[in-house]
Amino acid sequence: MIFSCVDRPWPRAVLNQLAYSDLIPVIDGGIAIDPFADGNGMRNATWRSHVLRPGRPCMVCTRQLNPADVTLDQQGLLEDPE
């Protein structure tokens with residue numbers, strides 16, 4: 001079993017693949033923080049976790065992973081896609 005809290009698309013894609021191809025359950029968790037419009041302080045935070053294993057939806061299916069972002073991350077362009 002793997003516990004994950006990575007926030008980059010490429011490593012999340014690797015863990016997603018491991019869960020289904022090598023039958024290693026992955027517990028993935030993360031937090032989304034919404035700041036105030038002026039950038040001073042936190043307006044809201046949402047925490048979510050889910051289990052990745054055969055018979056359960058993958059990260060792409062639950063919209064936790066965008067395949068296009070994986071390619072940008074691999075190319076080093078995720079921070080500046082232009």
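In which sense do strand 1 and strand 2 pair, and over how many bridges? Strand 1 and strand 2 pair in the parallel sense, over three bridges, where two strands are taken to pair if DSSP finds at least two bridges between them. Strands (E, at least two residues) and helices (H or I, at least four residues) are DSSP runs, numbered from the N terminus.

This is a predicted model, in which local features need pLDDT of at least 70 and side-chain atom pairs count only at pLDDT 80 or more, while totals for chains, interfaces and linings use all residues. Residues are numbered from 1 along each chain as its sequence is written, and side-chain values use heavy atoms, with hydrogens and water left out.

Three strands make an open sheet with the order 1-2-3 and mixed pairing. Strand 1 (2-4) and strand 3 (42-52) are at the edges, and each has a single partner strand, so one side of each lacks a neighbour in the sheet. From one strand to the next the twist averages 10°. The two pairings are set out below.

| Strands | Sense | Bridges | Residues standing opposite |
|---|---|---|---|
| Strand 1 and strand 2 | parallel | three | F3 and I27 |
| Strand 2 and strand 3 | antiparallel | ten | I31 and W47 |

Strand 2 and strand 3 also form a hairpin with six residues between them, and G39 in the turn has a positive phi of about 85°.

**The helices**

The axes of helix 1 and helix 2 (residues 67-74) come within 8 Å and cross at roughly 120°, axes being lines fitted to C-alpha atoms, for helices over the stretch in contact, with angles from 0 to 180 degrees between N-to-C directions. That makes helix 1 oblique to helix 2, since angles under 35 degrees count as roughly parallel, over 145 as roughly antiparallel, 65 to 115 as roughly perpendicular and the rest as oblique. The contact (heavy atoms within 4.5 Å) is made by P9, W10, P11 and A13 of helix 1 together with D69, V70, D73 and Q74 of helix 2.

**The largest pocket**

A pocket is an open set of points on a 1 Å grid over the protein atoms alone, where a 1.4 Å probe fits, with protein on both sides within 12 Å along at least five of seven lines, and its lining residues have an atom within 4 Å of a point. Among the residues lining the largest pocket are C5, R12, I31 and D69. Strand 2 gives the most to this lining, with three residues.
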